[in-house]
Number of protein chains: 2
Amino acid sequence: MFRKLPVSTIERLSLLYHHCRRLRAERIERVSSSRLGADLGIPAHTIRKDINFLGEVGDTGSGYDVSRLQRHLAESMGFDQPHKTCIVGLGRLGSAFLSYSQLEPDGFPITAAFDSSINRLETIRTDIPLFPAHEIAEVVRREQIEMALLTVPAESAVEAAESLAHGGIKGIVNFAPVFVNPDPDTIAVRNMNVVNELRILSSLSTLKEANPQPLPEKNKGD
Amino acid sequence: MFRKLPVSTIERLSLLYHHCRRLRAERIERVSSSRLGADLGIPAHTIRKDINFLGEVGDTGSGYDVSRLQRHLAESMGFDQPHKTCIVGLGRLGSAFLSYSQLEPDGFPITAAFDSSINRLETIRTDIPLFPAHEIAEVVRREQIEMALLTVPAESAVEAAESLAHGGIKGIVNFAPVFVNPDPDTIAVRNMNVVNELRILSSLSTLKEANPQPLPEKNKGD
DNA sequence: GCGTGTGAACTGGTTCACAGCG
DNA sequence: CGCTGTGAACCAGTTCACACGC
């Protein structure tokens, strides 16, 4: 249908979808691109361009109907269907997600969780079914799990990702500080690495000091 | 010195720096751009271009000296100095970081942590100094804290970010699902939102199904 | 010959400017 | 008159191709 959405556009539309839900919760029914831009830190014309990838949705002269916009986003990007998700690695971070109740209502029900330590599996108390790591592929396939949060130590990340691939996973959010992608043609990976983000921030600030110029202004109107 | 590094280049160089440390730990002293590219999922010529922003560093015909490369990266991007870091919000996620011992050796010592619940502050046992949220600005300024991990609920994020700004923070890693940036000219923000990453993954997979074409190959050699 | 360094060509995402419509 | 929609212009980053040094 909509070939070739730039990834950056997908990222922004995903943000936008979330913002629509928020606006609806606040009973706001109508919003302009410039308002959206200010709220999300994105230039207004970029917002309009992005939305137009989905076809015409706005009402000329009076902005966007929040509900309609949300519906359009949900339908065309698949935000309306839930996607079964699993957690691989139940250290501190994985455990935190295990009890992060926001995932289910946002469309990502945690359907299974894995750890290589049987000991640890027996200790954790939760309603979510827990399995040993060697059953990853089997369970993912059986339960048709699409998404994975990969929260294992760096040493185990590649192997765990391969198991997920064997199970037919569709996407991985990788928290380990190593590159994993068993099969780039089939599996998408997003990396979330705190230390790396901190490094990026620190070099941005270092480079800025060395060359004092304001960061490009991004959240103004048109 | 090196004006105008694209942010994407900074991101890759930061990854590269981390990889250098790993290689050195494995006693690997010499590496080619194509090898680096394969390890990091980045095309080899992009690696070379990125590295060249720092000036000539490689040895023609025989790749890069890992130690020298690491040193160059550290010096020009400020990776060698430690940057004091704080945690704002001690829920599950914030607490996980509080005991994530990797931050200190990677150059981001946790110097303080904050929460608005005095009760919670009294419960947590740690060597890191804890403070009530209303002291954020004061402590950040006094301790010269540069970085913050913002792990508060969405409702409190904007306010917390403003306090950090008052304290003169340089960078914020924002885990809350709202846009925060009190002062784009002075403060850099990186957003890490699991639900958003999951949505991006799900729409990538949805759009791919609707239009079955392989994702662009990224981790091949030259 | 292998692997870096780099100017040149390219590509595609972002920005602009304005037409069109309520 | 405000705000969307959009083709055109722009520009930044990526990709290419090849010269040069080991």
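Reader: What should I know about the model before we start?
Author: This is a predicted model, in which local features need pLDDT of at least 70, side-chain atom pairs count only at pLDDT 80 or more, and totals for chains, interfaces and linings use all residues. Residues are numbered from 1 along each chain as its sequence is written, chains are lettered from A and ligands numbered from 1 in the order in which they are written, and side-chain values use heavy atoms, with hydrogens and water left out.

Reader: What makes up chain A in helices and strands?
Author: Chain A has nine helices and eight strands. Helices (H or I, at least four residues) and strands (E, at least two) are DSSP runs, numbered from the N terminus.

Reader: Why is A:Thr151 called buried?
Author: Buried means under 20% relative accessible area, exposed means over 50%, and partly exposed is in between (1.4 Å probe, protein chains only). A:Thr151 has a relative accessible area of 10%, so it is buried. This residue lies in the loop between β6 and α8 (154–167) of chain A. Among the residues that A:Thr151 touches are A:Ile87, A:Leu93 and A:Phe175; contact means heavy atoms within 4.5 Å.

Reader: Why does A:Tyr100 count as partly exposed?
Author: The relative accessibility of A:Tyr100 is 34%, so it counts as partly exposed. A:Tyr100 lies in the loop between α5 and β4 (110–115) of chain A.

Reader: How do you know that chain A and chain B are in contact?
Author: By the contact rule, 72 residues of chain A are in contact with 72 residues of chain B. The area buried between the two chains is about 6,400 Å², of which carbon and sulfur atoms give 66%. Buried area is the accessible area (1.4 Å probe) that two parts lose on being put together, summed over both. A:Leu198, A:Arg199 and A:Leu201 supply 11% of the area that chain A buries against chain B, more than any other three residues.

Reader: What makes the pair A:Arg199 and B:Asp106 a salt bridge?
Author: A salt bridge is a side-chain nitrogen of Lys or Arg within 4 Å of a carboxyl oxygen of Asp or Glu. The closest N and O atoms of A:Arg199 and B:Asp106 are 3.9 Å apart, and the pair forms a salt bridge. A:Arg199 lies in helix α9 of chain A and B:Asp106 in the loop between α5 (92–98) and β4 (110–115) of chain B, so the pair joins two chains. A:Arg199 has a relative accessible area of 1% and is therefore buried. B:Asp106, with 7%, is buried too.

Reader: What makes B:Glu197 and A:Arg190 a salt bridge?
Author: Their side chains meet at 2.5 Å, N to O. B:Glu197 lies in helix α9 (residues 194–210) of chain B and A:Arg190 in strand β8 of chain A, so this pair joins two chains. Both B:Glu197 and A:Arg190 are buried. The count between chain A and chain B is four salt bridges.

Reader: How do you know that A:Arg142 and A:Glu143 form a salt bridge?
Author: The side chains of A:Arg142 and A:Glu143 meet at 3.7 Å, N to O. A:Arg142 has a relative accessible area of 46%, so it is partly exposed. A:Glu143, at 24%, counts as partly exposed as well.

Technical notes:
Lists of a residue's contacts leave out its neighbours within four places in sequence.
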